[in-house]
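User: I would like to learn how to read a few features of a protein model. Please give the general idea each time, then the case at hand.

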Amino acid sequence: TLLHGLTAKFPEAGMIVTLGERGSVFEENHQTYHQDALVVETVDTTAAGDTYTGYFVAGLMQGKDPKEIMKFATTAAAIAVTRCGAAPSIPSRQEVEAMCDTGMEIRKGW
């Protein structure tokens, strides 16, 4: 797969791939993490990848666990796709935390 090819070529780098409604995959230090997508009513996917990436990088910078980061980033992206536009659709941290607490339905991508 693309992810395995990239990690073989750049073994010291962590790699994240977002797969839309199929979730995301992160590989680092020979460990692979999968995160399923959340089931939401999609309105506009314009900012989904940017939202996910921003929340993912923020989690890495804070030294959080990859599985926790991926769940949080997935939730942020799920909120973003329920809104129109790019920047206006990106949720606040408080919105993402509140949504994580509600336990949304997971779309099995694996």
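User: Is His30 buried or exposed?

Analyst: Buried means under 20% relative accessible area, exposed over 50%, and partly exposed in between, with a 1.4 Å probe and protein chains only. His30 has 78% relative accessibility, so it counts as exposed. This is a predicted model, in which local features need pLDDT of at least 70 and side-chain atom pairs count only at pLDDT 80 or more, while totals for chains, interfaces and linings use all residues. Residues are numbered from 1 along each chain as its sequence is written, and side-chain values use heavy atoms, with hydrogens and water left out.

User: Where is His30, and what is its phi?

Analyst: Most residues other than glycine have a negative phi. His30 is not a glycine, yet its phi is positive, about 65°. His30 sits in the loop between E2 and E3; strands are DSSP runs of E with at least two residues, helices are runs of H or I with at least four, and both are numbered from the N terminus. Asn29 lies in the loop between strand E2 (24-28) and strand E3 (31-35), and its phi is also positive, near 50°. At 58% relative accessibility, Asn29 counts as exposed.

User: Which residues is Thr7 in contact with, leaving aside its neighbours within four places in sequence?

Analyst: Contact means heavy atoms within 4.5 Å. With those neighbours set aside, Thr7 is in contact with Met15 and Glu27. A polar contact is a pair of N or O atoms within 3.5 Å; within protein, one must be able to donate a hydrogen and the other to accept it, and residues adjacent in sequence count only if both atoms are side-chain atoms. The side chains of Thr7 and Glu27 make such a contact, at 3.0 Å. Thr7 belongs to helix H1 (residues 2-9) and counts as buried because its relative accessibility is 13%.

User: Is Leu2 buried or exposed?

Analyst: Leu2 counts as exposed, at 61% relative accessibility. Leu2 also lies in helix H1. From C-alpha to C-alpha, Leu2 and Val17 are 9.0 Å apart in space, and they are 15 residues apart in sequence.

User: How many helices and strands are in the protein chain?

Analyst: The protein chain has four helices and five strands, in the order α-β-β-β-β-α-α-α-β along the sequence. Its radius of gyration is 14 Å, close to the 13 Å from the globule rule for 110 residues, so the chain is as compact as a globular protein of that length. That radius is taken over C-alpha atoms, and the rule is 2.2 Å times the number of residues to the power 0.38.
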